[in-house]
Each structure stands twice: as C-alpha cells, then as structure tokens.
Amino acid sequence: MTDTTSAPGATSLPGDVTASGSAVKTRKFPRPKGSAIVMGLYLLFLLLPIYWLLNMSLKTNTEILNEFTLWPRNLTLANYATILTDPAWYMGYVNSLIYVVMNTAISLAVALPAAYAFSRYHFMGDKHLFFWLLTNRMAPPAVFALPFFQLYSSVGLFDTHIAVALAHCLFNVPLAVWILEGFMRGVPKEIDETAYIDGYSFGAFFVKIFMPLIASGIGVAAFFCFMFSWVELLLSRTLTTVDAKPIAAIMTRTQGASGIDWGVLAAAGILTIVPGALVIYFVRNYIAKGFALGRV
Amino acid sequence: MEKTVNQKAWFLVLPVLVLVAFSAVIPLMTVVNYSVQDTFGQNQFFWAGLEWFEEMLRSDRMWDALGRQLMFSGIILAIEIPLGIFVALNMPKSGFWASFCLVLMSLPLLIPWNVVGTIWQIFGRVDIGLLGYTLDALGVNYNYTQDTIAAWITIIVMDVWHWTSLVALLAYAGLKSIPDAYYQAAKIDQASRWKVFRYIELPKMMGVLMIAILLRFMDSFMIYTEPFVVTGGGPGNATTLLSIDLVKMALGQFDLGPAAAFSLMYFLVILLISWVFYTVMVNLDKKGM
C-alpha cells in the first residue's frame, strides 16, 4: 500500500527489488499454442444452441417447420409480441420476478447477521450449524417437493408467491450465508473493534460501516440468490397452479391442438435468458466464487 | 482470523435457524413420518415400521435408478473435469479477451434449467434442430426419443454444455492465484510444458478442483429438470435418474410410503457427500489463512 519510492528512506532499498518487479510481468501462466483456436471452438460449442433458439424465435412457424434455414429469412417479432401482449404469458414473468425478488430479500436479510456471526465468533454448535446449512444447499429438491406441497397447502399458502419464495429459502439462505461469510472473513476484525471504541452500537456499525465494506459481497450473494431462484423449476411448479405460476412452467404448455408453437416457445426461452445476460458483465469475476460458496 | 467465543452470536443466527427449520426440518419430518406408515386413504395411517425401507432395498427399481445415476455422474465428471481444466489453461490471462471469454462462458450457467432442456430438445430434433438435422444429413441415425444411446449422448452433451464452464471458471481462478515466481523457477529449470502442469499448476489447483468435482457430483446427483424436459426419463426408463424416479413415485403415483423411504436413503447419501465437501472447504479455509 505504501509507496516506497516517495518515502525518504527508499533509496537505501536494494535495487534488485524493482528490477525483479518488472521481470515478473514478462511471464504469467503460459498459454499453450493454438489457445485462441481452442477457445474459439469451445465458445462456438456454447453459443450454437443458444443461437439456434434465438434464430427460431425470430422465425414464423411455417418457416421453422417447412424450410431449414440457418438464419431467419422472414424476420418477425410476432413471437415476442404474442408473449408481451398476452397476460397468460407475461404474467408468468411477473410471477417469477415477484417470488424471486421476495426470496432474494428474505435470504439476504436473514443471512447477513448470521454470516457475520459465523465469520467473527465462536459459539456453541457453530460448526454443526454451518455444516447443516450446507446440507440444505445440497438437498435434492425432489425430496422436498411432496412435503412442501403438503406443508404449504395445510397453512393455506398454496399457489402464492410467498410460498415459492419461502421454499427457495431452503437452498438460497445457506448459499447466501456461505457466500457472505466468504467475503466477510476478508474484512479485518480491527475495523469492528475500532468502531466499537468510537462508540458505535452494533446496529449502527453494521449498517453504516460494515455493509458498505462488503458491498460487492452483498451484490454477489444477491445475484446468486436471484439466479438460483430464477432457474429452479421443480419446486416452483409443484407449489403453484394459476396465480403464482412461473414462466418456466407456463413454457411447457405451448403444446396446443395443432402441435407445439415452436416460435413462441423459443421466444419465451430467450426472454428467460435476458435477466442473467443483463448483469453477467458486472459479476463476471465473481461467478466462480459464487458457485463455490464464497471460497476460491 | 482469530475468532472470539461469544454465545450471544446465537441471536444473529437465530433468524436463519428458524427460517431453515421451517423450510427444511418440518418437511423432512413429514417424510420420516410417511416412511414408517402405511395408509388406506382417507388420512388413516398405521405403523408399518421399516417395511418400506426393506421393500425399497429389495426393489430393482431403486437400484436401477441408482445405477443409471452413478453412471451419469461418472461420465459427466470424466468429461467435464479434464475439459474444464483444458479450457482454463487456454483462457486469455487478462484484458478484454479474458472478460469476453468469462462473460460468454458464464452464459449457459445462468439459463433456467428447463430452458436448457428446451434448447437441447429443439437442437437435437431431426426436423428443426441444427444438431439433429446435420447428423441426419450426414447419414447418422439419431433419434433421442427412441434410441437409448442417442438419448444418453444427448443428456450428457447437454450437461457438458451446461456445466463445463463452471469447472473451467474454478480452475481458472486457481490458475490465476499461482505466483509468477513459480513459472520463472520452472523456466530456469527448463521444465517442459507437461512438467509445469503436473508439478506446478495441478497441485496449486487441487483445492478448487476438489470443490469443482464435489459441486458437479452433487448437482448431477440430484439433476431433474434438464433430462426430464429432453427425454422425460425415456425411452422406457433408460434415462430415469434418481430424482426423476422419485418425483414419478411421489407426485405421479402418490406412493407416499416407498417414496418417503426412497427420499430418506437418497438424502443420507447426499449428507455423506456434503460431509466430504464440508471437510474440503474447511481445510481450504485453513490453508488460506
């Protein structure tokens, strides 16, 4: 952190420190020959199926079924128009967004203090609790589908947004706790102590000083809660019928009497990719860390 | 970091405890309840002891599903881990192209799982999908709804497409943490590319690779949506993995007892792997300090 060259005593430093510093830059991890080709092929493999979906979403059904074209000959936005004007379709997006946002808010609100406790203190049963949380992140939704259905039916929450939001807490709360704990352990404890000496109460310290320090961690945790709730289908489909039905479940109903409406199905798929694609640039350096539960 | 003992910290974790207990413990107890009871309908239950567990352990159905599941997880790990490392080694180190690759590689990770299924369902169709059409034009007999092998290849390629980037991103993070001095030393010793990988990069990546392997194993072990959308578990039962079978049993046939016994045994396996995962994580944390 301190700039040694401007310090008065800096001239007495051995000269080779700076020399080796510049030599370091010449060789970071060496890349094999032809790496651009490898990456190109890999990215092509990743993008082709997505391109194909996009391609289909811009075609008419006649073109999809009758001609095999690599790009849309009669470019049409009719499929998107269908989705964005029909409440049965776009309410699916609204429903998904409502429960996803609810879930993210709940998860973060309860996970923040807990992650702080795990990162700063030892207390009775802390390790067991931390492990138990992890098992819930790993729990197969299939195991919980039926009991959730019965639990939320019996308390009268079936087919509500809050039911899905609470159900997704099963894996998102542990996820948020683990990710936030990973970020919080990087903040030196001296900051807490100094704040307490300066007379901050715990609440004031946490909100005014600590939360801004781990702002990026909160962002990453929020992103991952959002994402995992957004991509999950089994629980959200089991817990809803009409009022809170997510877009992912509505998509499966494109089979009509005249067969599947491929164009609309593709357009709906593309629209579900949009939220992730919009923010992906901002979290690009944290994707690995988020998936690895705050470690790495 | 030195932690201080403070029992009051319990108040901070209390909300999490209550919430997760509500969404995990209560449902799990329902499952335990069903697993030891039988019913004639009308909500009349009677004690069945361990009968369901014995029945499930004797039934071929669960063992077959478990066998398919282990085969699936084994194959995707065998492909994704080496491929992910290989991609990570080839990734640009920094600058615009690094960001470019990171963003595009992350894209499949953020697609809703049933849309992943839909993408490959369409992509593999002989009439309207690029992959199916191309294979058909090349004279390959490819039909993932009829042919077991084709169905398996489709769901495996789909999983490789979906998750290899995660392994690559984790391995990449591990590679970036290697100090340059290691490479300089290797250069002085005139180590070959393979030796650099074997003795510098691989040991330094071991921690993150363990995470990658365990994450991929866990997530593939409970995979449901993607193969369900593509094959629906078929043809026949060829791609009926554990979760698909369990949902069929519990929500399709409403066989509560056997399904609950199945669930609990499934969960025990998960618990075991979670423990390994946890141990790896804790060791990694210790090393990091």
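Ala, Val, Leu, Ile, Met, Phe, Trp, Tyr, Cys and Pro count as nonpolar, Asp, Glu, Lys and Arg as charged, and the others, Gly among them, as polar. This is a predicted model, where local features need pLDDT of at least 70, side-chain atom pairs count only at pLDDT 80 or more, and totals for chains, interfaces and linings use all residues. Residues are numbered from 1 along each chain as written, and chains are lettered from A in the order written.

**Exercise 1.** How many cavities of 30 Å³ or more are in the whole structure, and how much space lies in the largest?

Solution. Start with the term: on a 1 Å grid over the protein atoms alone, a cavity is a set of points where a 1.4 Å probe fits but cannot get out, and lining residues have an atom within 4 Å of a point. Volume is the space filled by probe spheres set on the points, which are joined across faces, edges and corners. The search finds five cavities.

Next, its lining has 21 residues; closest to the centre are A:Arg137, A:Pro141, B:Trp113, B:Asp219 and B:Met222. By class, 12 are nonpolar, three polar and six charged.

**Exercise 2.** Which helix gives the most to the lining of the second largest cavity?

Solution. First, the volume: about 80 Å³. Then the lining: 13 residues, with A:Leu146, A:Pro147, B:Val31, B:Ala260 and B:Ser263 closest to the centre. Helices are DSSP runs (H or I, at least four residues), numbered from the N terminus. Helix 7 of chain A gives the most, with five residues. Last, the classes: 11 nonpolar, two polar and no charged residues.

Methods. Side-chain values use heavy atoms; hydrogens and water are left out. On a 1 Å grid over the protein atoms alone, a cavity is a set of points where a 1.4 Å probe fits but cannot get out, and a pocket is an open set with protein on both sides within 12 Å along at least five of seven lines; lining residues have an atom within 4 Å of a point. Helices (H or I, at least four residues) and strands (E, at least two) are DSSP runs, numbered from the N terminus.
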